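Trainee: I'd like to learn how to look at the places where ligands sit in a structure. Please show me one, and give me a term to start with.

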Amino acid sequence: MNLSPATAFPRHLAIIMDGNGRWATQRSLPRTEGHRAGAETARRIVQECLDLGLEFLTLYAFSRENWNRPAQEVGFLFDLLVQFISRELPDLEKRGVRLRILGEEQNLPFAARRTLAHARARTARGERMELNLALNYSGREEIVRACRLYLEAGGAPAGLTPETLGEYLYTAGQPDPDLIIRTSGELRTSNFLLFQAAYSELYFTDTLWPDFTPLDLRAAIADFQARGRRFGAVSEPSF
Ligand code: IPE
Ligand code: IPE
Ligand code: MG
């Protein structure tokens, strides 16, 4: 039995970037300033992941449930997304990042769809790191959608296995996340990667996302590397 070495480096890291609003409120700033600072953190963490040689990075940027926020905040978030992608695109392209969107894109504002389509095309040949942006994402929706797509493609109900279903998820072809980080002290996954997180290691930190540094990322990865992943097997090799 090939037990995963405790020192393995994560191939796929996923992050629930939470706490922007509280970061701003603590500073008597509007929530939007927290999102602006959070985007800067995202930029630094993407760079750090590239430096560390990570293969897959998923950032939870906007959940399907986030539409329940005031229209002004939602509008700001998508404007920020367009700015972020436009500004970072040359560097992402240069560093070999390939962009993928997890979530229902057709319901996003037009400017966001156009920017994302452009960025995806420009980064299509990136081979160094796949960057997934979860946008208008819902784990439950993703699973239901995958089942629908499978059946619409003529798949037989009996042929629907976890493996075939995986081919219809937004993350098709990618390994499951090894490590999921959530900032801001909330101890839940908020509808994130429900199917793919079956054996992910979870790491929670009280640090608010705008305060999360590359050093904090390294600490999370070190914590991950000290864990024993068993995938249901025994913890010690048996004789
Ligand atoms: C995360 O920060 C960003 C998004 C969910 C878009 P929040 O905006 O959720 O910040 P808090 O949780 O209110 O502090
Ligand atoms: C999760 O954060 C979604 C993102 C980070 C994009 P939320 O702030 O929306 O989650 P809840 O509402 O606290 O569960
Ligand atoms: Mg939040």
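Mentor: Let's start with the polar contact: a pair of N or O atoms within 3.5 Å; within protein, one must be able to donate a hydrogen and the other to accept it, and residues adjacent in sequence count only if both atoms are side-chain atoms. The model here is predicted: local features need pLDDT of at least 70, side-chain atom pairs count only at pLDDT 80 or more, and totals for chains, interfaces and linings use all residues. Residues are numbered from 1 along each chain as its sequence is written, chains are lettered from A and ligands numbered from 1 in the order in which they are written, and side-chain values use heavy atoms, leaving out hydrogens and water.

Trainee: Which element gives the largest share of the shell around ligand 1?

Mentor: The shell residues have a heavy atom within 4 Å of the ligand; among them are M17, G19, H35 and L77. Elements are DSSP runs numbered from the N terminus: helices are H or I of at least four residues, strands E of at least two. Both α1 (20-26) and α2 (31-52) supply at least two shell residues. The largest share, three residues, comes from α1.

Trainee: How many charged residues are in that shell around ligand 1?

Mentor: Ala, Val, Leu, Ile, Met, Phe, Trp, Tyr, Cys and Pro count as nonpolar, Asp, Glu, Lys and Arg as charged, and the others, Gly among them, as polar. Around ligand 1 the shell has three nonpolar and five polar residues, and the charged ones number four.

Trainee: Now for ligand 2. How far is a polar side-chain atom of R182 from an oxygen atom of ligand 2?

Mentor: D18 turns up again, with a side-chain N or O atom 3.2 Å from an oxygen atom of ligand 2. For R69, the distance is 3.3 Å. A polar side-chain atom of R182 lies from an oxygen atom of ligand 2 at 3.2 Å.

Trainee: Which element gives the most to the shell around ligand 2?

Mentor: This shell includes I16, Y60, F62 and S190. By class, five of its residues are nonpolar, three polar and four charged. With four residues, the element that gives the most is β2.
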